[in-house]
Structures are given as C-alpha cells and as structure tokens.
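Colleague: Before I use this model, I would like to go through how its features are read.

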Amino acid sequence: MLSRSPFPVAVRRAIRGRDCLALAAVPVVLVGVYLSPEPFRRSLTFSYTDPAPLPAVTAHFVHFAPEHLLVNLVGYVVLAGCGYLLAALGGCRRLFGVAAATYLLAFPPILSALNLAVPRRAVGYGFSGIVMAFAGVLPVVLSVYAGRCLDARIRPRHAPTPFFAALTLVALSLPRTWLTLGLAAAAGVATTGYAVSVASALRGTNPPATPAGPRTGWLDAFVVGIIAMLGYVAVGFSVAPTVRGGVVNRYVHLLGFCLAFIVPYVGVELGLFDVAEAAE
C-alpha cells in the first residue's frame, strides 16, 4: 500500500528554491514598473485606437494606483502560491511551470489583441487579466492533486467541476441580463453534471490504490485552493465597474480565466503532461 508522508515533510521535499525565486520575480517587476516615472508608465499602456506590439505586452505590468497594484500583488501571491504548492505536491510541477510561463509571456499580447474585439476609445493596463489566469489553472491542478494525494478515483477529467462552479459565480456577479442569467444557468447545469460524475466515480467499486496515512494538511491544502480560486473569481467580477475614473475590464478577466483553464486542460487530456502516477 502507498503511504502518505506527513504534510510538513512533503512540503519541504516538494518546494524548490529556484521555483520560488522565479515566481517572486513577478512582484519585483510589477513594483519596479510602478516606481518608475509616470510618463514612462503611460508610454507602456495599450491604446485601443492606436495599438502597437510592445505596449500590448508591457501594459499588463503597469499600474498607477497603489490599491490597484496591491490587489493584483495579493491575488498573484495567493493564486500562484497555492497553484505551485498543489502542483509540487501533486506531481504536476511541469504542468504548472509551463502554464505559468505561458500566462506571463504569451497571454499579455493575446489578451491585448482579443480586447480589440470590443471597440473603444481607451487605454488598457494592469495585471488583473494575468492574475485571473492563475485562477484558471487551479481547477486542473486541484483535480490532479486530489487524484494523487486524496483519492485516486478523482481524475483530471473532473477538472471542469470547479471551473464551471467558478463560472457560475462569475455570471451571478455580473449585472443581471438575459445573457448573464443564461450563462449562470448553463454553467450551473454543467457544474451539476460534472459533480454527479465525481460522485459516481467516488462510489465506484474496487478503487485504485490511494495513499494511506494522515490526511491532516493534505485535505486542508485542497480546501484552501478551492477557496482561493472561488474567492478571487468572486471578488474579481463583483468589484465596482469604475475605479478612480477608470473602467474595470471584466472582459479581460473572463478571457484570462477561461483561456487559462482551457490550455492546460486540453494539454492534460491530450497526454502532453504525465499526471497519472499515484502519490508517494
């Protein structure tokens, strides 16, 4: 029978200093850009009426208000920290690393380009779309972690369960229209369907080997990951639509969250990442 190590011991073994340094570089960049002269920061913002390749990337690292920067820093630390810890413990470190690199390097120009689909006379800036992407990868990481460390009957194919639950919260947080109510209903039905699939898997006979040993800490980490994802999504879409004369870009929040889930989920389903082994 496989044995589960005490949680603190497993954490010490799983965490790597170079990974933490790489993740910590992002807040350093955000703070560094914020402390630069305001005219320089304004040159880095993305204009929807005069788009350019370089600002399409740099705008996502620009902030002007300290509270805007602080919210995004806290969101990044919580979501990226939870995602990395769960991925390291669940044996999908490479999946999280590739996803994080994609969000930080490829998502900025992609999100900026997709924003052009909504014509407006404005400039875009802020890290919130990328932070929401780190919420988007959590359903995949959580499903892998749960299957390896809690119950081997849970599989990556169950990842849409928390994703659609979060999408339901998103729809309910937006202004009430027929479109948002329809989205909430559709996401709620999908959540129920996947939840039934999870319940059916857990009731199955002859379950595969699941690690034995103390669950203290292991289940707590899973619950914290769920709370972090759902909590940030709820906050990200329920904030006031205008802040200090600016408009909160909920569209880019939704794009970041959905694309960030789809990319790693498809990668796992196509077998691009080895996440099938049981925890030790």
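Colleague: What does the chain average in pLDDT?

Modeller: pLDDT is the predictor's confidence in each residue, from 0 to 100. The chain averages 86, and 89% of the residues score at least 70. This is a predicted model, in which local features need pLDDT of at least 70 and side-chain atom pairs 80 or more, while totals for chains, interfaces and linings use all residues. Residues are numbered from 1 along each chain as its sequence is written, and side-chain values use heavy atoms, without hydrogens and water.

Colleague: Where is confidence lowest, and where highest?

Modeller: Where pLDDT is low, the predicted coordinates should not be read in detail. Helices (H or I, at least four residues) and strands (E, at least two) are DSSP runs, numbered from the N terminus. The lowest mean, 53, belongs to strand 3 (residues 242-243), and the highest, 96, to helix 2 (residues 17-34).

Colleague: How far apart are the end C-alpha atoms of helix 10?

Modeller: The expected span of a helix is 1.5 Å times one less than its number of residues. Helix 10 (residues 160-173) has 14 residues and should span 20 Å; its end C-alpha atoms are 20 Å apart, which agrees. Its buried residues (under 20% relative accessible area, 1.4 Å probe, protein chains only) include Phe-163, Leu-167 and Val-170.

Colleague: How many disulfides does a search of the whole structure find?

Modeller: A disulfide is a covalent bond between the sulfur atoms of two cysteines; the cut-off here is within 2.5 Å. The search finds 0. The closest cysteine sulfur to that of Cys-149 is in Cys-92, 8.9 Å away, too far for a bond. Cys-149 is buried, at 1% relative accessibility.

Conventions: Buried < 20%, exposed > 50% of the residue type's maximum accessible area, 1.4 Å probe, protein only.
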